[in-house]
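Thanks for coming. I will take a few minutes to walk through this model, and you can follow along on the screen.

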Amino acid sequence: MSNDSSSELEVAGAHEIEHALRRSDTDPRAAQRAERQVAIMFVGSVLASILFVVAFVSVKSTAVVDLPLIGRIGLQNLTLGVASGLGLFLIGAGAIHWARKLMSDEEIVDERKSFASDDETREAVVESFHTGVEESGVMKRPLIRRTLLAAMALMPIPAIVMLRDLGPLPETKARETLWRKGSRIVTDISYRPIKPEDIPLGGLVAGALPADLKKVEEEEGNLNQRAKAAIILVRMAPDEIRSQQIQDGDFQGILAFSKICTHLGCPIALYEQRTKHLLCPCHQSTFDLADDGNVIFGPSARRLPQLAIEVDKEGYLVAKEGFQEPVGPSFWERG
Amino acid sequence: MSSESPRRRRPTAALALVTVGLILMGGLYAAAGSLASPAQAETSEASPALLEEGSVLYKEGCSSCHGLNLEGVPADSVGKGNPKQNGPSLIGVGAAAVDFQVSTGRMPVGATGQQVVAGRSSYNEEEVAALAAYVASFAPGPAIPSEEDLDTTDASLAEGGELFRTNCAQCHNFAAQGGALSNGTYAPAIDPSRPDHIWEAMLTGPQSMPVFNDTTINPDEKKAIIKYIQNINAAPSPGGAPLGTVGPVSEGLLIWTVGLGALIACSVWLGAKAK
Amino acid sequence: MSTTQRAVATTTTWVDDRTGAGKWLKKNLRKVFPDHWSFMLGEIALYSFILCLLTGVYLTLFFNPSMKEVVYNGSYAPLNGIKMTQAYESTLRVSFDVRGGLLVRQVHHWAALLFVAAVSVHMLRVFFTGAFRKPRELNWVIGVGLMTLAILEGFAGYSLPDDLLSGTGLRIAQGIVLAIPLVGSYVSSFLFGGEFPGTDFIPRLYSIHILLIPGILLGMLTAHLLLVWYQKHTQFPGPGRTNKNVVGFPLFPVYVAKAGGFFFIVSGIITLIAAMFTINPIWLYGPYVPDQVTAGSQPDWYIGWLDGAVRVIPNWETVLFGYNISWNILLPALIIPGIMFTLLALYPWIEAKATGDKREHHLLDRPRNAPTRTGLGAMGLTFYVLMWISGGNDLIAQAFSWSINSITWTIRVLLIVLPPLVFVITRRTCLGLQRRDRDKLLHGRETGIIKRMPSGEYLEVHAPVSSATRAKLVASRESDYAPIEAPPAVDANGVKAPKKGRLGVKLSNFYFANRVIPPTDEEIAEGQHHAADDLETVRPSGQITSGH
């Protein structure tokens, strides 16, 4: 029924294309007006381009303009942008206005020709192909065929093998951090060592690092160790700690945790001191620092590794040992 | 003070406890060791008249939650008899906490919710000073910063930025616009905050915020942070309207509405038949 | 002959003698393009891509893709004396010390956002109007490929300046790579030249961003446009528009002016936006340091749905024989997007399997005339938008003072409940609209005039629909196709029907559920005739011409 009705629209009485005349088609003054409008837009574009050059040489990068609603913004970016933006826009607007008002708006019809070839051509193609296959002898000579296939199959291997030297093997580096027994804990940015009494109850050291990191970074010239070693310190009353990963891993209620989220590696320090929750700003994994650093919400599957701490002879906080589990995101071999 | 944070003021209470050696709060925090840096604990030297005014104001406005002697109202006594709401002890919270809470309008608390919100202060400057002096007279605690404390002339803007990004941006956003915390709480925008309030907030750790005392972030660093925040607020936006400086989300919304909207409008104009 | 005419003739001869372009030009100078605003969406995408290329070339003149650390000493005071990579430093330099550099950076970034947005809306237009059907399946697949590459290219660009936000994004991408079973650690170590962040990745990403992906994009884009040119553009049903013609305006001069002008419109509007609105103020984020982060760390909008999926997924992880399978990362970041894009690319064949339709289609469907497709599209879109919203859950929580945990849980539930619901509602709405269209063809349109019958009954007077409307409505026949009928389970000779083909039948039954069969020509003629008579009873002829 409908499957073979290839649009006999004339029956439905809709074959004629309507064409209504525009005012600019009938009224020469309207056409003239449109012409002037187009020209004004093009002239506007010319002026905008000139304005751009003027702004480029005269507006300082520190100049500021205070606009209602928007606020205080840079004048240079604004003037250069508005000038070049208008310069472009007005050319486009003029051209389209010209096309709409003054160029012929009578719709024309193009017939679609089927681009499929006829059966004869198709057969000829298939035949040519077979002839080619026949003449090459590829079907008759399996030795050539198979060795060629083998050659083609192995050909990409050098290209893939060459990718090997993009970087070293991962080895066990993901499991190692700079923290050792006795690594002194220093604050980020200022690299100050920390005494227990420096940290108040409810306090947070939002970024802490091993003291030797600065030297290592200078030697290695990268931030790789920082990306693994960063920790945070929090202090709660000892009786608020419900459970911790490492027995007596705290020092008088001061707990050290890896700052690197076990989900996808964002640094976390959104510590809510009332609830002892730590929230990751990237995907909202939430860890309970008073309870093992366990995940209580969000996509992370693993608790935040704890770093056991103590004080050294001079009374500064140091690591009691390295991390007991890998920090940061999961990986296949992690286990 | 909201009901679910009975321990909010205790950290600073502990400062007082250890320094002065009072045994008011019991032995709980004694185990936590010696916590106070002497510079922070200042006893009140206010005039008797100011203390008297503070006392009157306190009894009227604060005592129902915080107790007549600042001892606090434990959550389990609420409903039995007089107290209608619990509140933490204010002993040793210091003048800084009172000034921050009262002059930002957070205290006295209005509606109870996940978070106590800032608003218009119910007290004028003098009354706040009286209340702060009164509370500080009970036990020493963090003091209101002096003008000298807040003088950021010599502070390093760049260092302030680094410290801000390490200590503050994770909750308050890179441009101090605030951010969400868990369960309906949030870190407020702090770019319009007064420098003394920023200082006091770091020192006393209101609500969810941890305490950044003068040893974890020293006074010079606090000055640098304040300078950086003020600079964010004052600096013009070189590239145009900042769209709330909340990152790519508002940029995405703009391109979908204004950008694509304007271009579709142009397309409709282009495709429509002229009259 | 005027001088101009002579000049044109000379040039044409010169070119034709050497290339034989004359034949091609003769055919194509007056090539017809149909006009519709939605056909410009692809052009918005094309032009914003060109703008990205142009501005991108300018930026390469200043950008230094190196992760070597330097101390900043430039005109942006709040960062003076701070250590940063040369990538970040040179981005600051082009923003603050090159006149117009910030503008070009902003144009580049806004154009990139617009590029992917326009590609997406263009794709929706093609999907909902059935423009992907035979003979355009290949171009649909190229389009899906372009979309995927556009997203990758955008993410690469977002990651280059090495500011705090882009570094955070790379850290997450590296975490996703680590989650790949078996080879994750190796791939990560090779990509980053060792551990994260290393000093190799940004220069490598730079080659990919400015050479590899744009090169492939350009190639595929060319193929995409050549196919559109060769197959001729589809058109919406309307007076005179059939499946065998194309009605519109000639390439020269109208489309040269319109499409050429539109390039300037797109460039102009993007530049004006870049003049007035900041995008990615990298100086505020600060340089990337792996232990710093900002609240509201978000990707650009087109990665938002992936980030959202990663946010809502429950924390599933399996440890099997000492090996970690991180479903919480693999599912939202690789498996679900993989399935979505594969289904999208294969959709033309899936639908053809359900309809059994082997005809060529050059007349576009009105979405209502393909109720199941429209329903499926709306369903997929709902799924996508929910994930997208989830990508901004923290900002929503902040803006409305809602709990981020409640938002996450709500989206988890909605992701399962809402898409099927949207499917059902959309399909029903389409079917309802189709029935209304059918009624219009069979009984004419409702006039709002009530007449009282001799029997005392009240009836509404109907009038014939206009020829333009009829042309539009009748096109439902082009969209319609009979469902595939199941072969009898046991044929005349008692042989059981083969299992093969049953899937097609099931798909077909699903696709054509509650099918509204369009009326035949006779039915329409009769219906319209009746309507005309009906109208005659209240308004003698000539008083009312056919309405809409």
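Where chain A meets chain C, 81 residues of chain A are in contact with 102 residues of chain C. Keep in mind that this is a predicted model. On the chain A side, four elements each supply at least two residues: α3 (75-101), β3 (108-111), α8 (224-229) and β11 (294-297). The largest share comes from α3(A), with 18 residues. By residue type, the side of chain A that touches chain C divides into 42 nonpolar, 26 polar and 13 charged.

Now look at β3(A). Which strand of chain C does β3(A) pair with? The partner is β4 of chain C, residues 245-250, and the two strands run in the antiparallel sense over 4 bridges.

Next, chain C itself. Chain C has 548 residues, and buried residues make up 50% of them. Its secondary structure comes to 20 helices and 8 strands. The C-alpha trace of chain C spans about 95 × 80 × 55 Å along its principal axes. The domain assignment gives two entries for chain C: domain 1, made of 46-236 + 245-288, and domain 2, made of 428-538. Taken over C-alpha atoms, the centres of domain 1 and domain 2 of chain C are 47 Å apart. As for contacts within chain C, take those between residues at least 6 apart in sequence: 74% of them join residues at least 24 apart.

Back to chain A, this time with chain B. Here 45 residues of chain B are in contact with 44 residues of chain A. On the chain B side, α1 (10-21), α6 (157-167) and α7 (169-172) each supply at least two residues. That side of chain B divides into 20 nonpolar, 18 polar and 7 charged residues.

Last, one helix in chain B. Helix α5 of chain B, residues 125-138, has 14 residues and reaches 21 Å from its first C-alpha to its last. That is close to the 20 Å expected at 1.5 Å a residue. Is α5(B) mostly covered or mostly open? Mostly covered, with 10 of its 14 residues buried. Among the buried ones are B:Val128, B:Leu131, B:Tyr134, B:Val135 and B:Phe138. And what covers the buried residues of α5(B)? The cover includes α2 (48-61) and α4 (94-103), both of chain B.

That is what I had; I will take questions now.

Notes
Residues numbered from 1 in each chain as written. Chains lettered and ligands numbered in written order. Predicted model: local features only at pLDDT ≥ 70, side-chain atom pairs only at ≥ 80, totals over all residues. Contact = placed C-beta atoms within 7 Å. Nonpolar A, V, L, I, M, F, W, Y, C, P; charged D, E, K, R; others polar. Domains from an automatic or database assignment. Buried ≥ 20, exposed ≤ 12 C-beta atoms within 10 Å, placed from the backbone. Expected span 1.5 Å × (residues − 1). Pairing = 2+ DSSP bridges.
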